[in-house]
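Open the model in your viewer and keep the selection panel at hand. Each stop below tells you what to select and what is there.

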Amino acid sequence: TATRDDLHRLAMWLTVEEPQLRVVIDEALDTVQAVAAGAFWTEAKAAPECHEEVPFSVREQADGMPTVLTGVIDLVHRTPDGWKVVDYKTDRDGADSLPAKYAEQIAQYETAWQTFVSEKVTSVLVSTRADS
């Protein structure tokens with residue numbers, strides 16, 4: 001329910017010790033508004049279970065050596081068919097390039113989430129650029 005002015009005031013307060021960040025406040029607010037207006041956000045918020053900015057760590061084997069994959073999933077929510085992992089991007093080169101550019105990352109997110117749930121996991125990449 002916060003207005004853009006409310007968010008701007010909050011951003012100004014949060015950047016008191018980092019004033020160089022103030023030049024990107026308007027762009028950040030555009031991104032926040034694009035996310036909040038997105039159909040994916042409406043769908044997620046209407047879901048029976050929804051999580052934002054979910055950190056994870058999972059153990060993997062790479063070339064016979066145990067490794068730990070860590071990351072943060074932007075948004076994940078329950079759907080009638082299972083779970084949906086949503087990763088939003090602000091790339092300037094547009095939404096069409098996202099699948100190829102981030103295929104490995106989103107696959108890792110799906111695999112990581114699948115270790116925590118027994119239901120089917122799907123994913124989607126979403127461009128949140130206001131100008132895309």
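Select Leu 10, Trp 13, Leu 14 and Val 16: these side chains form a nonpolar patch on the surface, with about 470 Å² of accessible area together. Patches are built from residues with over 30% relative accessible area and no salt bridge; nonpolar side chains (Val, Leu, Ile, Met, Phe, Trp, Tyr) are joined within 5 Å, like charges within 9 Å. Areas come from the Shrake-Rupley method with a 1.4 Å probe, and for residues only the protein chains shown count as cover. This is a predicted model, where local features need pLDDT of at least 70 and side-chain atom pairs count only at pLDDT 80 or more, while totals for chains, interfaces and linings use all residues. Residues are numbered from 1 along each chain as its sequence is written, and side-chain values use heavy atoms, leaving out hydrogens and water.

Stay on Leu 14. Leu 14 is found in helix α1 (residues 4-14). Helices (H or I, at least four residues) and strands (E, at least two) are DSSP runs, numbered from the N terminus. Leu 14 is exposed, at 55% relative accessible area. The classes are buried under 20%, exposed over 50% and partly exposed in between (1.4 Å probe, protein chains only).

Next, the salt bridges. The structure holds nine. Each is a side-chain nitrogen of Lys or Arg within 4 Å of a carboxyl oxygen of Asp or Glu.

- Select Arg 4 and Asp 26. Their closest N and O atoms are 3.9 Å apart. The bridge links helix α1 to helix α2 (residues 25-37), across 22 residues. Arg 4 is partly exposed at 27%, and Asp 26 is partly exposed at 45%.
- Select Arg 78 and Glu 49. This salt bridge spans 3.1 Å, N to O. Arg 78 is in strand β2 and Glu 49 in the loop between α3 (39-46) and β1 (50-62), so the pair ties together parts 29 residues apart in sequence. Arg 78 is partly exposed at 26%; Glu 49 is partly exposed at 29%.
- Select Asp 91 and Lys 101. Here the N to O distance is 2.7 Å. Asp 91 sits in the loop between β3 and α4, Lys 101 in helix α4, 10 residues apart. Asp 91 counts as buried at 12%, whereas Lys 101 is partly exposed at 48%.

Move to His 77, in strand β2 (residues 65-79). Is this residue buried or exposed? His 77 is buried, with 1% relative accessible area. Show its contacts (heavy atoms within 4.5 Å). Leaving aside neighbours within four places in sequence, they include Glu 43, Cys 50, Trp 83 and Val 86.

Now the rings. The whole structure has four aromatic pairs. Rings of Phe, Tyr and Trp (its six-membered ring) pair if their centres lie within 6.5 Å; planes under 30 degrees apart are stacked, over 60 edge-to-face, the rest tilted. Select Trp 83 and Trp 113: edge-to-face, 5.4 Å centre to centre, 65° between the planes. Trp 83 lies in strand β3 (residues 82-89) and Trp 113 in helix α4 (residues 98-114), so the pair ties together parts 30 residues apart. Trp 83 is buried at 3%, and Trp 113 is buried at 9%. Phe 116 is partly exposed, at 46%. Ring pairs link Trp 83, Trp 113 and Phe 116 into a cluster.
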